[in-house]
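I opened the model today and kept notes as I went. Here is what I looked up, topic by topic.

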Amino acid sequence: MPKYFTFKGGIHPGEFKFTEKDAIEDFVAPDVVYIPLSQHFGKPAKPVVKKGDKVYVGSLIGEPDGGFSASIHSSVSGTVKKVDKYHHFSGNMEQTVIIENDGQMEKDPAIKSAYSDSITPEKIIEIARNYGIVGLGGATFPASIKMSPPPGKTFDTLILNGAECEPYLTSDHRLMIESPEEIILGALLIKKAINANRLIIAIEENKMDAVSVYEKIKDKYKFDIAILKTKYPQGGEKQIIKAILDREVPEGGLPVDVHTYVQNVGTAYALWDAVYNGMPLVKRIVSITGSVKNRKNLKVAIGTPISALIEHCGGYMGEAGKLIAGGPMMGIALYTDKIPVTKGTSGILIQRKEEMSLDEPTNCIRCGRCISSCPMNLMPNLLGDFSEFYKFEESKDLGVLNCIECGSCSYVCPAKRHLVQLIKVTKAELKKKGR
Ligand code: SF4
Ligand code: SF4
């Protein structure tokens, strides 16, 4: 029996992976796409197009604004209608390039493969920056920055993260099964760029069909497979590093402090597409799941309104109560289905009104469940108390900044305390004060 890796703490929510057997379908881009200039960690991109400009699939429409930003490209061919504020997953109206799709899906003439056996690490990082590659596991951290460690820091191991531990979501699972060689070739590019000597693909034990796909090619491409116990948040960077390598990322530190680089499988695929085909990141896989008539995994042009995907899936099942971008644990509740798909949209989860938890929080009963479930060894009960009484500095002393906002504490709390929301308030207050 293989060794199954895991970490201390965590929870076992229902999996609800309804779409795990559904092959990815190409979704035809709609007549109009809405491509936000802010869809990554860091500063929004600066628009480089204006009303009336002709664009192609892969044309640059937003350039990085400074070092901490990312490029944005058109996902269709057509004409720019305007650059204006539009609905955004953040809850604000954000600058968005609105493009009328001509239906031709004509590629930008400049698109061509940059691959050669002698491609340099610098060239790979440059392509990641110019082609808008960001972490597709949800964090949307620009890959070029992540691949460039601060002076004196080095990587030795690349963990390719295929845990997909959030309930409902299956976009990574399907991509792993349907495009294994592309993912591994992309990972080998990352491995070269960061000068690591070991590649490990990490997959939860509830995806053994994916494990068997990688078993067949692991000798050809020289990588290892780590099977993880099915537990949430197994895909968290710190948790996956601890589970597989028994390395502890220091408080306030980064994976590079323990010579480890973690990247989502979808990002490796996107880098493969950029280097081998010259195609910037303009599409991603999205699981449409929950209370929708026909649940699907769709390959979607960035900028497609979520309403178009739900309509394609047969519409809402019953009265929709909550629309979530991502999974139920760490996803973002959306206020309208006009919001477009962005690089970080791994799934759309629809919950009916009766599925929503409307319980009012009650007093803490000191049961300690939140403490034993916390993967970061924090005391969420006290952090919640401190937040309610505006004792933000005291929370800092208890390590609140190490909270990964996984929501495990809220999930297990019998008193239904909104622990993760309270912790987010504390973190936002400390950020405002520059702490
Ligand atoms: S305190 Fe933070 S890290 Fe710990 S369980 Fe709660 S949300 Fe997760
Ligand atoms: S799980 Fe809820 S009730 Fe139990 S100690 Fe934590 S905050 Fe209190």
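Predicted model: local features only at pLDDT ≥ 70, side-chain atom pairs only at ≥ 80, totals over all residues.

I began with the largest nonpolar core, which has 49 residues, and the ones touching the most other members are Met147, Leu160, Ile183, Ile201, Tyr214 and Phe223. A nonpolar core here is a set of buried Ala, Val, Leu, Ile, Met, Phe, Trp, Tyr and Cys residues joined through side-chain atoms within 4.5 Å. Buried means under 20% relative accessible area, exposed over 50%, and partly exposed in between, with a 1.4 Å probe and protein chains only.

I then noted which elements give two or more residues to this core: among them are helix H1 (121–130), helix H4 (180–194), strand E11 (198–204) and helix H8 (265–277). The largest share, eight residues, comes from H8. Helices (H or I, at least four residues) and strands (E, at least two) are DSSP runs, numbered from the N terminus.

Why does this core lie between domain 1 and domain 2? Domain 1 (25–103 + 280–355) and domain 2 (112–277) both give residues to it, so it lies between them.

I checked Met147 next: leaving out residues up to four places away in sequence, Met147 touches Ile125, Ala128, Ile190, Ala193, Ile194 and Tyr261. Contact means heavy atoms within 4.5 Å. I also found a second, separate core of 18 residues, which includes Ile288, Leu298, Ile339 and Ile350.

Residues are numbered from 1 along each chain as its sequence is written, chains are lettered from A and ligands numbered from 1 in the order in which they are written, and side-chain values use heavy atoms, with hydrogens and water left out.

**Domains**

I looked up the domain assignment, and besides domains 1 and 2 it gives domain 3 (369–432). The bounds come from an automatic or database domain assignment. The centres of domain 1 and domain 3, taken over C-alpha atoms, are 31 Å apart.

**Two ligands**

I counted 13 residues around ligand 1, with Cys374, Cys403, Cys406, Gly407 and Cys409 the closest. A residue is near a molecule or strand if one of its heavy atoms lies within 4 Å of it. Helix H13 (408–412) and helix H14 (419–432) each give two or more residues to this shell. The shell divides into 10 nonpolar, two polar and one charged.

Around ligand 2 I found residues including Cys364, Cys367, Cys370, Cys413 and Arg417. That shell has eight nonpolar, two polar and two charged residues.

**Thr19**

Is Thr19 buried or exposed? Thr19 counts as buried because its relative accessibility is 0%. I located Thr19 in the loop between strand E1 (4–5) and strand E2 (25–26). Its contacts beyond four places in sequence include Tyr168, Arg174, Ile288 and Asn297.

I traced an open sheet of five strands, paired in parallel, in the order E1-E12-E11-E10-E13. Two strands pair if DSSP finds at least two bridges between them. E1 and strand E13 (260–264) stand at the edges with a single partner strand each, so one side of each has no neighbour in the sheet. Inside the sheet, five bridges join E11 to E12, and Ile203 has Ile227 in E12 as its bridge partner.

Helix H7 (residues 237–245) has buried residues including Ile240, Ile241 and Leu245. The buried residues of H7 pack against E1, E10, E11, E12 and E13.

**Hairpins**

I noted that strand E15 (residues 296–301) is largely enclosed by the rest of the structure, because five of its six residues are buried. Strand E14 (residues 283–290) pairs with E15 in the antiparallel sense over six bridges, and five residues lie between the two in their hairpin. E2 pairs with E15 too, in the parallel sense over two bridges.

My last stop was the hairpin of E16 and E17, with six residues between the strands, where Gly326 takes a positive phi near 105 degrees.

Notes. Nonpolar A, V, L, I, M, F, W, Y, C, P; charged D, E, K, R; others polar.
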